[in-house]
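Subject: Structure handover and notes

Hello,

Please find the structure below, followed by notes on what turned up in it.

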Amino acid sequence: MILLRIVLPAVVLAAATFTPPALSPAVAQDAARGAAIAAERNCASCHGAAGVSELANIPSLAGQPAEFITLQMILFREGLRQAAPMNELSQGLEDQAVEDLAAHYASLRAVAPPDLAPRDAALAERGRALSTALNCGVCHLPDYSGRNQIPRIAGQREDFLRHTLAQYRDSQRRGTDTNMNAVMYGVSDDAIAALAHHLAHQPARPE
């Protein structure tokens, strides 16, 4: 589990002086259990029945890397990231439940939201050029599908991308480090709009 990886250095240091008792094998992530948790917590009311958001500024979760969702849920639960109502909704979720929930959304098919505006070729080309200049594909992968703790941004809601990128630029949001803040520093609103348009029109689930 991700939390075990986070505390691993401390465990290694302690191992020199302490021999722990036998540990129970980790329980594998279970997407079916995660689906039940999503239904119980009514996640679909914001993120869509199939993990594809139809609400402005609410991200789609379908097809996101499980490790990314796990990390964000832990940040919400522990109050390390503030984003109402997620801080409240994540309370009471044990680590296993968080990982099951992440497995559920990672298993869903990523598709573009139904209200995606038509592609503007000139705007998309400007966004593509900016993505190349900012090296977005280095971390998010060339197809923007994401990996590990880095989110999929291909086919994400355009308004959410625009809002989030502006927040990074304005230091109103940060991830587990300040990399995105540095990347977006000084990027204009027009450029952010072009980048968001380009990313939103990339295949949500590259073949």
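Two residues are in contact when they have heavy atoms within 4.5 Å of each other. That term is used throughout the notes.

Where the model comes from: this is a predicted model, in which local features need pLDDT of at least 70 and side-chain atom pairs count only at pLDDT 80 or more, while totals for chains, interfaces and linings use all residues. Residues are numbered from 1 along each chain as its sequence is written, and side-chain values use heavy atoms, with hydrogens and water left out.

Overall picture

The chain has 12 helices and 0 strands. Helices here are DSSP runs of H or I with at least four residues, strands are runs of E with at least two, and both are numbered from the N terminus. Of the 207 residues in the chain, 41% count as buried. Buried means under 20% relative accessible area, exposed means over 50%, and partly exposed is in between (1.4 Å probe, protein chains only). Among contacts between residues at least 6 apart in sequence, 72% join residues at least 24 apart.

Two pairs of packed helices

Two packed helices are described by the angle between their axes and the distance between the axes. An axis is a line fitted to C-alpha atoms, for helices over the stretch in contact, and the angle runs from 0 to 180 degrees between N-to-C directions.

Helix α3 (residues 31-40) packs against helix α7 (residues 95-107) at an angle of about 100°, and their axes are 7 Å apart. That angle makes α3 roughly perpendicular to α7. The cut-offs are under 35 degrees for roughly parallel, over 145 for roughly antiparallel, 65 to 115 for roughly perpendicular, and oblique for the rest. On the α3 side the contact includes Arg33 and Ile37, and on the α7 side it includes Asp100, His104 and Tyr105. By class, the contact of α3 with α7 has 8 nonpolar, 4 polar and 2 charged residues. In this scheme Ala, Val, Leu, Ile, Met, Phe, Trp, Tyr, Cys and Pro are nonpolar, Asp, Glu, Lys and Arg are charged, and the others, Gly among them, are polar.

For helix α10 (residues 158-169) and helix α12 (residues 189-200), the packing angle is about 140° and the axes lie 8 Å apart. This angle makes α10 oblique to α12. Among the residues that meet are Leu161, Arg162 and Leu165 in α10, with Ile192, Leu195 and His197 among those in α12. The residues of this contact divide into 9 nonpolar, 1 polar and 4 charged.

Two buried histidines

Is His47 buried or exposed? His47, which lies in helix α4 (residues 44-47), is buried, with a relative accessible area of 12%. Not counting residues up to four places away in sequence, His47 touches Val52, Ser53, Ile58, Pro59, Leu61 and Met86. The side chain of His47 also reaches the backbone oxygen of Pro59 at 2.9 Å. That is a polar contact, defined as a pair of N or O atoms within 3.5 Å; within protein, one must be able to donate a hydrogen and the other to accept it, and residues adjacent in sequence count only if both atoms are side-chain atoms.

His140 lies in helix α9 (residues 136-140) and is buried, with a relative accessible area of 11%. Leaving aside neighbours within four places in sequence, His140 is in contact with Ser145, Gly146, Ile150, Pro151 and Ile153.

A leucine in α5

Leu75 lies in helix α5 and counts as buried at 14% relative accessibility. Which residues does Leu75 touch, not counting residues up to four places away in sequence? They are Leu80, Arg81 and Thr176. The C-alpha atoms of Leu75 and Gly175 are separated by 9.6 Å, although the two residues are 100 residues apart along the chain.

Backbone details in the loops

The peptide bond from Ala84 to Pro85 is cis, with omega near 5°. Pro85 is placed in the loop between α5 (66-77) and α6 (86-89).

Asn57 is not a glycine, yet it has a positive phi of about 65°. Asn57 lies in the loop between α4 and α5 and counts as partly exposed at 36% relative accessibility. Ser171, also not a glycine, has a positive phi of about 60°. Ser171 is found in the loop between α10 and α11 (179-184), and at 60% relative accessibility it counts as exposed.

Regards
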